[in-house]
Every structure is written in structure tokens, then in C-alpha cells.
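Open the model in your viewer and keep the selection tool at hand. The stops below say what to select and what is there.

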Amino acid sequence: MAEQQQHADNSAAYLIRGAAILGGAAEDLLIRDGVIAARGRQLDADGAGVRDATVIDARGLIALPGMVDIHTHLREPGREDAETVETGTRAAALGGYTAVHAMANSTPVADTAGVVEQVLTLGRTAGWVDVRPVGAVTVGLAGEQLAELGAMADSRAHVRVFSDDGICVHDPVLMRRALEYVKAFDGVVAQHAQEPRLTAGAQMNEGEVSAVLGLAGWPAVAEESIIARDVLLAQHVGSRLHVCHVSTAGSVEIIRWAKSRGVNVTAEVTPHHLWLTDELARSYDPVYKVNPPLRTDADVQALRAALADGTIDVVGTDHAPHPSEHKECEWAQAAMGMTGLETALSVVQHTMIETGLMGWEDFARVTSTAPAAIGRVQDQGRPLEAGEPANVTLVDPAARWTVDPSKMATMGRNSPFAGRELPGKVVATFFKGHPTVLDGKLNTPYRWPVDAVDAGPAGRRP
Amino acid sequence: MRHLLSTEDLSLHDAIRILDTAEEMAAVGEREVKKLPALRGRTVVNLFFEDSTRTRISFEAAAKRLSADVINFAAKGSSVSKGESLKDTAQTLAAMGADAVVIRHWASGAPHRLAATDWIDAAVINAGDGTHEHPTQALLDAFTMRRHWSKLAGTPSAGADLKGMRVAIAGDVLHSRVARSNVWLLRTLGAEVTLVAPPTLLPIGVDKWPCAVSFDLDETLAQGVDAMMMLRVQAERMNASFFPTTREYSRRWGFDDNRLRALDSLGLKDTIIMHPGPMNRGLEISAAAADSPRSTVLAQVRNGVSIRMAALYLLLSGENREPAAAPVSASASHAANPNLTYSHQESH
């Protein structure tokens with residue numbers, strides 16, 4: 001009975017009336033059986049299977065491909081006091097996401113097929129988005145020995161992104177081997193670029209502000225030197241490199257140079273690095289403590305320009321929820337990280353679209369198409385055309401809202417945007433044709449077919 | 001003034017007010033009965049997360065001379081896992097009815113956190129936080145300089161600033177809260193500051209500070225200095241490649257006997273030599289320099305009590321200060337936590 005209900009739920013039809021597709025002309029989208037059944041102007045209400053569809057008046061809204069986060073910390077297993085797959089993916093759906101890549105620094109570390117399959121199952125049981133586990137590059141993130149990358153790739157989780165995120169794979173030989181090895185299964189190494197010796201005890205960006213505050217500096221060169229090394233390694237071995245959370249103007253220059261030389265490198269920027277600067281550290285409020293740290297306004301401007309011109313490929317949230325006691329303390333004691341899933345769209349709209357640097361088509365590229373391609377997520381980041389999987393986000397670009405972390409779905413209260421008024425609001429999120437979010441509120445999760453919860457990679461439904 | 005957290009945001013008006021009040025407090029220290037009833041019934045907590053006997057007893061003496069009740073709270077342990085959190089400690093002190101918290105902490109910004117959060121509603125005095133600031137040290141240094149500078153000019157100290165005074169500060173600026181607090185306060189008071197240090201011990205970004213920077217102590221002295229302040233070299237810097245050896249450091253950046261003689265040969269007869277203590281004799285300062293008539297080391301210690309009296313007095317009985325809230329409950333206990341030691345001392 002319950003199963004039948006769920007099945008019925010998943011296959012309900014929705015007619016989205018008059019949404020601006022990628023910010024362009026208003027058209028209708030008919031969603032049925034998990035796919036976009038039709039796209040067009042004034043789809044006939046009586047024909048083409050429209051009759052039973054729930055009509056959603058989307059005038060004034062923008063239809064986007066469901067957002068794909070290449071960089072999320074869901075904390076489960078191990079730190080369920082910070083976030084669970086359930087709460088983190090609720091936040092993701094509310095933020096307009098239909099897929100997230102769950103970083104490997106859980107406890108235990110996601111460095112075996114067993115752990116990545118556990119995370120996959122947790123994600124499918126939750127049903128809010130497609131949870132794509134990221135595998136650790138090295139055993140226990142210890143930077144000493146390669147994890148069983150092939151086993152994770154061949155597992156049900158079908159891992160394609162490997163990262164020790166939080167920690168840099170700093171040993172150049174190990175990094176070389178990882179880059180080479182993942183070629184065997186079309187994987188990518190996502191590097192957290194941070195030279196460890198140059199950043200021992202680092203608390204914030206090294207510069208004018210750290211000099212005054214007396215907080216140990218995290219110099220830009222510690223990021224840039226690793227990126228420079230890694231793009232050269234990627235070129236040498238002919239592999240695919242992804243650079244996580246690029247934060248400095250110098251890093252942008254190196255990546256631009258590497259791309260011009262044909263290196264197969266992609267890069268990511270976080271929403272917070274597109275806006276906030278190290279000036280905020282003057283408050284000593286650890287909500288602004290993050291790794292890599294907030295940089296200067298010159299860096300912010302360079303990152304925006306790089307995202308607009310394609311040097312930086314994607315926006316990744318680096319959503320990093322922490323329990324309040326890890327932020328209600330001295331700066332040096334505090335954990336690094338910020339939440340991001342429920343503010344990313346608005347922050348990108350504010351920093352990139354309302355500044356005229358990008359349009360909504362570009363937005364779809366950097367938040368959906370490109371991250372899906374990096375993660376090899378086959379059924380996401382697709383065009384909004386008939387026959388495509390119905391992963392769709394509806395956004396009200398005219399809405400304004402004030403960030404209140406206590407009202408978020410994530411368990412993390414550590415949003416650096418608390419109290420700020422942001423533009424843009426997610427009105428609905430369709431995941432595999434099912435509305436996980438409706439009227440800006442959580443609806444119900446997508447129910448995977450029972451045999452898919454424990455089997456099969458995403459995009460290959462049995 | 002609600003708190004005393006840094007000299008960076010201390011106005012000239014408030015700085016002069018503290019220095020002038022300290023002059024009045026110094027007069028109390030010269031009386032037979034060294035005590036004022038100004039803060040009777042007020043509770044001052046010395047909350048020290050880092051050992052510093054000198055600073056703690058200076059604040060303790062200052063509070064007691066103002067008749068405040070003093071609680072010394074030494075909270076050791078460097079992580080949340082090892083001990084009580086700063087928030088819990090602050091809320092405990094608030095529950096006990098602390099009117100002022102004098103905080104020394106190894107983490108830069110910890111006093112700002114106490115002042116900015118609702119954990120405790122007491123006046124917060126920064127008694128040194130990490131490598132950030134040590135405002136009462138800078139104020140006592142400025143007090144010492146102002147007395148010297150006024151005496152040379154033959155004018156009273158009260159109301160005066162330090163316009164035109166040339167001050168050199170030499171040593172580990174990178175890790176020094178004393179240097180930072182001095183740079184901001186001396187700028188506010190109109191002095192001309194030169195920092196002298198090995199390039200490895202200057203912060204990136206120092207070029208934006210309101211002072212000159214030199215890598216050459218002898219050249220700085222030759223250009224004329226009215227106050228020469230030496231900073232302590234911490235033992236943990238010595239094996240971290242900030243400089244090759246302590247001997248090389250001493251030769252290039254220490255105030256040794258040759259430089260003491262150079263003051264005479266340069267005709268700088270009124271130049272004073274300052275040090276915040278504790279000194280590494282033979283490293284950043286020679287014994288002869290530390291003990292010379294130019295040395296103000298002990299005057300600085302003496303003036304420290306006056307400055308801290310002034311700060312406590314202005315924060316706790318100034319016109320801006322609201323009446324202290326009635327103490328709530330003092331039932332909290334720290335007996336369960338072996339990392340906390342607690343003592344309560346009557347102030348009379």
C-alpha cells in the first residue's frame with residue numbers, strides 16, 4: 001500500500017506554466033514519469049497527457065536545471081551531531097539542488113567501498129537529492145597510502161570524484177600516482193590545495209588584517225604553489241584535475257595559464273569567496289573562519305571575473321556545518337567552515353547576476369552542467385528539453401529574504417550570511433520528476449524503487 | 001568606555017584620560033595608606049588562561065588599592081576537550097556577579113569575544129591576548145615615556161601627548177602584542193615610531209602600519225632615538241629558523257654594551273631604555289643596559305599598577321557605567337574540573 005502510494009507519488013504529472021527557461025522566453029514544461037515529457041508555449045491543457053497534471057503557475061519564475069554541488073560535507077557517518085545525510089540533503093533540496101557530492105572526511109573516512117556504499121544508501125533512503133559519494137584519495141586522509149580507488153569506482157556508489165578535502169595531498173609522488181591511477185576509470189582527483197608547512201597553525205588570510213589582529217597567516221602562496229605543481233603534474237601524466245575552493249587571484253592566473261596550455265583542469269569557487277573578505281575577521285567571530293580563508297577584495301573581484309570568463313568552471317558550496325560549540329568560542333579554537341547549501345543560489349545571484357557579470361544560462365552552466373560533467377553524473381546537468389530527466393529548479397529572482405540560520409534545514413547554524421538580505425528564492429525543486437520542494441517549502445522525498453536503494457549507480461536505474 | 005580591548009580603537013581623548021587618571025592614582029601609591037574606597041563592593045576577576053604572574057599581581061594590586069574584591073581564576077588547558085569552554089567560564093563568572101573581567105588569553109581576540117557576546121555583562125579588560133594586543137602595557141609604557149618627555153620639556157605630564165618623541169621598538173614584532181599596542185597608541189599620542197627587527201619577525205602587511213620599519217638597529221640609533229624599547233625573544237622562536245642563532249640575533253638586534261656606549265657617543269644623553277619584562281639578559285638586552293640609569297624597567301612595573309588602577313576606575317565607576325547587576329547565583333562549582341584552580345581573596 002505504502003509502496004503503491006510512493007509509486008503514485010513519483011509518477012505524478014506537473015505542468016509548469018510560463019517559466020522563463022534559463023531566464024529566456026516563458027514556456028511550459030510538462031513533467032511526467034521522471035522526465036520532461038514536453039516543452040513548449042501554451043501546452044494544450046486537454047491534450048498531450050496534460051489533463052491530469054498538477055498545474056504550477058510559474059510566471060515570473062526562472063526554470064533551471066537542478067543544481068549539482070561538487071563539494072558538500074554531509075558529516076554522516078560519524079558526526080551526526082553536526083549534520084546527517086537526511087538534514088543535509090533537505091537543505092540541498094531547499095537550496096535548489098538535485099545532486100550533491102558528499103566529501104570523504106567522515107568518520108570513518110569514506111576510503112573503502114563499504115563506506116561509500118553506506119553513504120549512497122543513506123542518500124537514497126533520504127530521497128531528497130542524488131547523493132554522490134566522494135572517495136578519499138589516501139587511507140584515512142593520512143596522505144601516506146592510496147585508498148582502494150578502484151574498489152570505490154566499481155562499487156555501487158560508482159565513485160568518480162576522489163578527494164582528501166580538508167587536507168591537501170601534499171606528497172608530490174602520491175599526488176602523481178593518484179592522478180595517474182584514476183585514469184583507469186575516468187576519475188578525477190579533487191585537490192584541497194594547501195601547502196601544509198606554510199600553513200601550520202594558520203587562522204586567516206595572511207595580509208594587512210592578520211598583521212593587525214595577530215592571527216597566524218594563511219598565505220596565498222600556500223594555495224598557489226600546490227595548484228602550480230598539480231597542473232604541471234596533471235599535464236605530465238595526462239590526467240584530470242579538479243581544484244577545490246580556489247580563493248586567490250594568483251590561483252586564478254595559474255589556472256588560466258594551465259587551461260591555455262591544454263591542461264585538463266577544472267576549478268571551483270565557493271559562494272562565500274565570491275563575496276566576503278578577511279575584513280570580517282576583525283570581529284573575531286569564528287562564523288567567518290573557513291578554510292581556505294576569506295581573502296581580500298582584490299581576490300574576490302578576480303574570482304568573480306574568473307567564474308564569468310570560464311577560468312573557474314563551477315560553484316561548489318563547501319557546505320560545512322558545525323555544532324554551535326565549535327563556533328561559540330575563541331577564534332583559534334573554532335572549527336573552520338560555513339554552511340552554504342541554502343544560500344548558494346542567492347549569493348551567486350547577488351554577486352554574479354545582479355552585478356551583470358553573468359546571466360542565468362551561465363548560472364546553469366556553473367551550478368549544474370559543469371559540476372555534473374566533472375562528477376560524471378549522467379542524468380543531471382541536462383538541457384531542459386523533452387525527453388530529458390526532470391531535474392528542474394524554479395527560482396523567483398525578484399524575491400528578497402533575510403538569512404536566519406535558525407530557520408534552515410541544515411543542522412549547522414554557521415552561516416556567514418546571517419542577517420543579510422539576499423535576492424532570489426527557490427520556489428520548487430524537481431528531482432527525477434518529483435517535487436522535493438514546492439512553494440518554497442519541503443514537500444516529500446523522491447522514493448527510489450526499492451531495489452535501487454541498495455543497488456546500482458545513479459543514472460542507471462534498473 | 002565600556003571595555004578596554006585594544007589601543008587600536010582607543011581615542012586620543014580616552015588615552016589622555018587614562019594617563020591623567022593614572023597620574024592621580026600614582027599619587028595614592030606614594031601615600032602611607034595606599035588605598036582608595038572607590039570600588040568597594042565591586043568584584044574584579046583576573047581570568048588567566050596563560051601564566052603571567054607579573055601582569056596578574058599588577059592587576060591584583062591595582063584592584064585592591066581601589067578596595068575591589070579580587071578573584072583570581074587560573075584556567076589552564078588549551079582546547080575545548082581539555083577544559084571548560086570560554087563561554088561556560090564566562091557565564092560562570094557572570095553568575096557570580098563579576099563586575100569586571102581582566103582576561104589574559106593565549107588566543108588572539110578572546111577578550112573581544114567576551115565583550116561582543118552575551119555570555120557575560122561585565123567590563124572586559126584585555127590583559128594580553130595571543131599575538132594581538134596588550135593595551136595596559138602600552139598605556140604604562142606611554143605613561144613612562146610621557147613623564148620622561150614632560151620632565152625634559154619642563155612641563156606637567158597631565159593633559160600632554162607625545163608629539164615629536166622618537167621611539168624605536170626592537171625585536172620580535174611578529175609575535176608581539178606589546179609592539180602592536182604600542183604602535184597604535186604611540187601613533188594616537190603623536191610619537192614617531194620605528195620598528196627594528198629581522199625581516200622574518202615582522203608581519204606581512206607591516207608596511208601599512210603607521211610607523212617606519214628598519215632592519216638596522218645601529219642606523220636607527222644614529223638617526224636619534226628618545227626611547228629605545230626592547231622586546232623579549234621567546235624561547236620557542238629560537239629553533240624555528242626565524243634567525244640563525246641567538247648569538248647572531250644578539251649581535252644584530254640586541255641592545256648590547258656597544259650600543260649602550262653608542263648612545264653616549266651619539267650625544268643621546270636623555271634616551272631611555274625600556275623593556276616590558278621579563279628580560280633575557282644577554283640576549284635582547286645586556287645586563288649593563290638593563291641596569292643603567294637609562295633603564296626604566298622598574299618604573300614601568302611601578303607605573304603599571306597606576307595605569308591598571310586608572311583603567312579599572314574609569315570602567316567601573318565612570319559616568320558611562322551602568323550600576324552593576326545584582327549578583328544572581330554563586331552556586332556554580334569548579335571542583336569537578338581539575339584544570340581550573342580557584343581562589344577568592346578578601347581585599348583588606
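Select F430(A): this residue stands opposite P435(A) in strand 18 of chain A. The model is predicted, so local features need pLDDT of at least 70, side-chain atom pairs count only at pLDDT 80 or more, and totals for chains, interfaces and linings use all residues. Residues are numbered from 1 along each chain as its sequence is written, while chains are lettered from A and ligands numbered from 1 in the order in which they are written.

Show strand 17 (residues 421-431) of chain A with strand 18 of chain A. They pair in the antiparallel sense over three bridges. Strands (E, at least two residues) and helices (H or I, at least four) are DSSP runs, numbered from the N terminus. Pairing requires at least two DSSP bridges between two strands. This hairpin has two residues between its strands, and K432(A) takes a positive phi near 55°.

Two bridges join strand 19 to strand 18 of chain A, and the two run antiparallel. L438(A) has K441(A) as its bridge partner. This hairpin also has two residues between the strands; D439(A) in the turn has a positive phi of about 55°.

Now color strand 18 (residues 434-438) of chain A by burial. Four of its five residues are buried. Buried means 20 or more other C-beta atoms within 10 Å of a residue's own, exposed means 12 or fewer, and partly exposed lies in between; C-beta atoms are placed from the backbone.

Four bridges join strand 7 (residues 97-102) to strand 8 of chain A. Pick V100(A): its bridge partner is V131(A) in strand 8 of chain A.

Angles run from 0 to 180 degrees between N-to-C directions; axes are lines fitted to C-alpha atoms, for helices over the stretch in contact.

**Chain B**

Where does T194(B) lie? It lies in strand 6 (residues 192-196) of chain B. T194(B) is buried, with 20 other C-beta atoms within 10 Å. Its C-alpha atom is separated by 6.3 Å from that of V167(B), 27 residues apart along the chain.

Move to helix 5 (residues 135-153) and helix 11 (residues 297-317) of chain B. They pack at an angle of about 115°, with axes 8 Å apart. Residues in the contact include L139(B) and F143(B) of helix 5 and N303(B) and I307(B) of helix 11. Contact means C-beta atoms, placed from the backbone, within 7 Å.

**Between the chains**

Finally, show both chains. 24 residues of chain B are in contact with 19 residues of chain A. On the chain B side, helix 3 (86-95), helix 4 (110-116) and helix 6 (177-189) each supply at least two residues. The largest share, four residues, comes from helix 4 of chain B.

Technical notes: Two residues are in contact if their C-beta atoms, placed from the backbone, lie within 7 Å.
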